[in-house]
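Subject: Structure for your review

Dear colleague,

Please find below the structure that I am handing over to you. A short account of the findings follows it.

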Amino acid sequence: MNEPADSPNPDSPSTGSAGGSGTDFIREKIAADVADGPYGGRVQTRFPPEPNGFLHIGHAKAIALNFGIAEEFDGTCVLRFDDTNPDTEDSRFVDAIQDDIAWLGYRPSTIAYASDYFGRLHDWAVQLIEAGLAYVDDQDAETISANRGGFTEPGVDSPWRDRTVDENLDLFARMRAGEFAEGEKVLRARIDMNHDNMAMRDPVMYRIRHSHHFRTGDDWKIYPTYDWAHGQSDAIEGTTHSLCTLEFDTHRPLYEWFHEQLGLAEDRPRQTEFARLNLTHTVMSKRKLAQLVSDGLVDGWDDPRMPTLRGLRRRGYPPEAIRAFAAHIGVARVNGTHEIELLESFVRTHHNTHALRRMAVLDPLEVVITNWPEGLADTRQAVNNPEDDTAGTRDVPFGGRLFIERADFMVDPPKKFYRLAPGREVRLRAGYFITCTDVETDDDGEIVRLLCSYDPETAGGQAPDGRKVKATIHWVSAAHAVDGTVVLYDRLFTDSHPGADGTDPLASLNPSSREIRTGCKLEPALADTPPGEVVQFERLGYFAHDLDEPLRFHRTVGLRDEWANIQKRRDL
RNA sequence: UGGCCCGUAGUUCAAUCGGCAGAACGCCGGCCUUUGGAGCCGGAUGUUGCAGGUUCGAUCCCUGCCGGGCCAGCCA
């Protein structure tokens with residue numbers, strides 16, 4: 001009972017999609033294949049990242065889909081690194097990707113590499129050559145591109161298209177042996193240069209690369225392309241359902257062509273495409289993300305403003321919330337953009353039930369309790385989490401000099417402003433009722449100090465005479481406050497759809513996406529917060545303690561703020 | 001310009017193989033409150049892209065149009 005609303009529920013596939021029906025087109029298809037498909041009830045998926053960058057929230061959707069389906073159908077999911085391009089790939093990304101997947105809470109059935117299959121792929125290529133279905137082309141990249149034709153123009157057959165099998169075999173062997181320079185020759189599938197689908201116009205299967213591969217070293221001088229490696233790797237591993245994003249839709253006929261020509265059995269993998277994830281106010285393109293990092297617009301791949309898993313982790317996004325979000329949005333074949341607010345609501349939902357409450361004043365205003373007994377030491381007891389009885393309570397020191405949030409006081413409050421004002425009484429959270437009796441200002445009219453009286457009878461927050469106050473505000477005892485740094489984050493891009501109008505997405509980069517506040521007043525208990533832990537600063541939001549720097553907190557997400565909404569409406 | 005995919009509340013998705021168009025987030029109103037949070041109650045979201053056709057009946061099937069996405073790397 002009392003199960004958190006955002007906890008993943010592996011028993012119920014219905015958590016896997018939005019709306020009422022409880023399933024999506026992919027799960028429906030898989031269920032049908034399990035019932036009477038060629039796989040004998042077996043389900044195997046795979047997540048095939050290229051180890052050339054860090055994972056982002058978009059990958060999390062694919063991860064949740066593939067691993068989630070494997071769990072739901074009692075199947076398996078392989079983590080396969082698509083390491084077919086030695087020029088861009090690196091083992092440090094392999095480690096980071098594995099780390100991120102583990103953080104999300106998934107465990108691959110097996111970890112594999114496309115490079116494990118280079119030998120097998122080579123032998124299959126020879127088989128296609130022998131069948132007259134592949135040939136070595138001497139044209140250079142530019143010529144191949146030009147001769148591929150256009151959407152309305154048929155392609156032109158390569159002059160090398162009709163080489164004999166023996167010549168192709170010989171040339172291919174010499175490509176492999178490293179006898180040719182990069183770009184001098186490629187192996188192409190022999191399909192149809194007049195096909196409507198450009199992917200079928202004799203696609204390249206192998207190119208020559210003399211680079212060092214991070215796993216196979218210098219063993220190979222030829223490397224398979226995605227189109228050649230991917231489907232065959234799926235088949236070798238026994239994938240039943242190969243789920244990929246929409247842009248591979250036009251490659252599906254080729255995926256199937258290779259399997260058919262190789263004579264693979266009926267239980268061969270089938271590819272199904274789904275829409276990749278887009279989020280408002282951010283970008284998901286690896287290239288743009290890399291540019292943010294290289295141009296110094298963010299601090300690195302793990303900057304808390306980045307949509308990378310590492311960034312979200314530092315920001316304080318819990319993996320449970322990311323999984324719940326992924327399950328909620330489900331999958332479809334329509335390309336769209338989800339509102340970042342939806343993700344944030346899942347983050348709040350999780351932290352609301354898990355995060356300890358603490359008090360912190362970000363913009364301090366001094367309050368002197370004029371009737372506080374000289375030298376009296378007092379300690380209040382505060383609830384750690386009203387949503388979780390087992391979280392207990394903590395002691396919070398109180399005193400005659402306090403800090404409250406500057407925004408919690410107004411000399412001349414407008415309607416619906418319920419907080420402190422001259423002559424008005426409010427409750428200090430877990431403390432006493434105080435009434436503002438006087439305001440001290442400096443020569444510029446700036447408020448420097450509030451004088452207040454407190455009612456000793458209201459210890460704990462209730463008045464014996466039953467009188468009510470409209471607001472409860474947070475505070476920190478000045479004598480006990482710990483100074484800290486709080487980093488506030490806003491949208492990385494001001495535009496909800498950066499670059500959608502054809503301009504550079506970076507043009508709408510938010511110049512104030514980060515605000516660093518030093519000299520914040522924190523209650524003493526915050527000094528004991530473990531690195532990385534997320535707490536709630538009462539009335540402000542959720543904040544993640546920095547992994548390295550003590551007493552530095554990153555705002556994960558704010559609480560929903562009704563007063564801010566009222567103000568916004570007034571301004572409009 | 002050719003091929004393929006796709007058009008349902010603001011957004012993202014549903015609608016049990018043709019039967020009264022729903023959910024979540026957001027929004028609006030109210031209640032409650034020792035977080036103006038959370039929670040609770042209620043409400044509006046709409047010519048299902050457009051126009052025809054088939055049918056007793058179309059979001060669903062057919063045709064055309066319009067709009068969006070993807071495809072002419074030896075990237076994935």
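In this predicted model, the C-alpha centres of domain 2 and domain 4 are 52 Å apart. Chain A is divided into domain 1 (25-113 + 229-345), domain 2 (118-226), domain 3 (360-481) and domain 4 (483-571), with bounds from an automatic or database domain assignment.

The second largest pocket holds about 810 Å³ of space. A pocket here is an open set of points on a 1 Å grid over the protein atoms alone, where a 1.4 Å probe fits, with protein on both sides within 12 Å along at least five of seven lines; lining residues have an atom within 4 Å of a point. Of its 34 lining residues, Pro-48, His-59, Thr-245, Phe-248 and Arg-276 are the closest to the centre. H2 supplies the largest share of this lining, five residues.

Ile-191 is placed in the loop between strand S5 (186-189) and strand S6 (204-208); strands are DSSP runs (E, at least two residues) and helices likewise (H or I, at least four). Ile-191 counts as buried because its relative accessibility is 18%, the limit being under 20% with a 1.4 Å probe and protein chains only. Trp-257 is 66 residues from Ile-191 in sequence, yet their C-alpha atoms are 9.1 Å apart.

Residues are numbered from 1 along each chain as its sequence is written, and chains are lettered from A and ligands numbered from 1 in the order written. Local features need pLDDT of at least 70 and side-chain atom pairs pLDDT 80 or more, while totals for chains, interfaces and linings use all residues; side-chain values use heavy atoms, without hydrogens and water.

Yours sincerely

Notes. Points joined across faces, edges and corners; volume = space filled by probe spheres on them. Buried < 20%, exposed > 50% of the residue type's maximum accessible area, 1.4 Å probe, protein only.
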